[in-house]
Every structure is written in C-alpha cells, then in structure tokens.
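Welcome! Take a look at it, and then we will go through it topic by topic.

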Amino acid sequence: MTVKIGFVVAEFNRDITYQMEILGEEHAKFLGAEVTEKIYVPGAYDMPLAIKKLLENKDIDAVVTVGCVIEGDTSHDEVVVAQVTRKMTDLSLEYGKPVALGISGPGMTRMQAMERMDYAKRAVEAAVKLVQRV
C-alpha cells in the first residue's frame, strides 16, 4: 500500500520552506510514499483549516506540515507554534490520521532555521511510520 500524504506548506519564510518542501517530497519518494495534494497557507498559524481540509479527504492517509517560525523581538513565535501544534494534535485525534510536525522553531534565528531544514524530512518519516503502524 502506498501511503498518500498531503502537505500544508507555509509561505512565510518561503526561501526556507521551499527547500523544506523539496526535501520532504524527495524523502516521501524514497520511502515509497506519495505526496498527492498540497495546500499553501500564508504562515504556520494559518495551517489548521488546511490540515482539516486534507484530513477530510478519504484519499489522504496523513498530513505533513512544513513551516518555519523564526524568533522576533517579542514572544510571538512561541505563541504561534504553541497554538498550531495544539490544534494539529486535536485534528489528528479527531480524524484518526497522523498530522506530522514539520515546523521548525520557535526561538531560532534565520541561520538556525537554515540548519533545521530537515524537519520536513523527519515529519514525512513520522507520518509514514504512523500510517503503517497505527
């Protein structure tokens, strides 16, 4: 059985999320999975609605989020990631499908974000393993 994955990709910090998206897609192919649908959203905070739309699709086995939340002058980055990850967990449990965390941050600089582009790859791997095991 080929695992069918939906990606939700943040456009904010697109120079980084684009590379994360490509790494995640390549890793899905390597694992024998297929990215069948993508939804692009303005930023990580905007992901829950798109995640829900993908989870409602009976042809999607799991959702992978791809985003990058870089630290600013306030704690806004912490608020964003806390709210998104909480809702991701809620949606995963509600729909009984994996929603894998491929969002790097909070509390990191742009340079640290560049070093963490493999988060999308890790999220794809987690999604595939969960579909196969749960």
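**Helices side by side**

In this predicted model, helix α2 (residues 47–55) and helix α3 (residues 76–95) pack with their axes 10 Å apart, at an angle of about 15 degrees. Because angles under 35 degrees count as roughly parallel, α2 is roughly parallel to α3.

**More on α2 and α3**

- If you follow how α2 and α3 cross, you will find that the crossing is right-handed.
- On the α2 side, the residues that meet α3 are P48, I51, K52 and L55.
- Their partners in α3 are K87, M88, L91, S92 and Y95.
- Sorted by class, this contact of α2 with α3 brings together 6 nonpolar residues, 1 polar residue and 2 charged residues.

**The pair α1 and α5**

- The axis of α1 and that of helix α5 (residues 119–133) come within 7 Å, crossing at roughly 35 degrees.
- The crossing of α1 and α5 is right-handed.
- From α1, the residues M20, G24, H27 and A28 take part in the contact.
- They meet Y119, A120, K121, V124 and E125 in α5.
- By class, 5 nonpolar, 2 polar and 2 charged residues make up the contact of α1 with α5.

**The largest pocket**

- The largest pocket holds about 230 Å³ of space.
- Its lining is made of 13 residues, and those closest to the centre of the pocket are F12, V69, I70, H76 and V80.
- Which element gives the most to this lining? It is α3, with 3 residues.
- The lining of the largest pocket divides into 7 nonpolar, 4 polar and 2 charged residues.

**Two backbone details**

- As background, most residues other than glycine have a negative phi, and most peptide bonds are trans.
- N13 is not a glycine, yet its phi is positive, at about 60 degrees.
- You can find N13 in the loop between β1 (4–10) and α1 (14–30).
- G105 and P106 are joined by a cis peptide bond, with omega at about 5 degrees.
- To locate P106, look in the loop that runs between β5 (103–104) and α4 (110–115).

Note on methods: Residues are numbered from 1 along each chain as its sequence is written. This is a predicted model: local features need pLDDT of at least 70, side-chain atom pairs count only at pLDDT 80 or more; totals for chains, interfaces and linings use all residues. Side-chain values use heavy atoms; hydrogens and water are left out. Axes are lines fitted to C-alpha atoms, for helices over the stretch in contact, and angles run from 0 to 180 degrees between N-to-C directions. Helices (H or I, at least four residues) and strands (E, at least two) are DSSP runs, numbered from the N terminus. Angles under 35 degrees count as roughly parallel, over 145 as roughly antiparallel, 65 to 115 as roughly perpendicular and the rest as oblique. A crossing is left-handed if the near helix is turned anticlockwise from the far one by less than a right angle, and right-handed if clockwise. Contact means heavy atoms within 4.5 Å. Ala, Val, Leu, Ile, Met, Phe, Trp, Tyr, Cys and Pro count as nonpolar, Asp, Glu, Lys and Arg as charged, and the others, Gly among them, as polar. On a 1 Å grid over the protein atoms alone, a cavity is a set of points where a 1.4 Å probe fits but cannot get out, and a pocket is an open set with protein on both sides within 12 Å along at least five of seven lines; lining residues have an atom within 4 Å of a point. Grid points are joined across faces, edges and corners, and a volume is the space filled by probe spheres set on the points.
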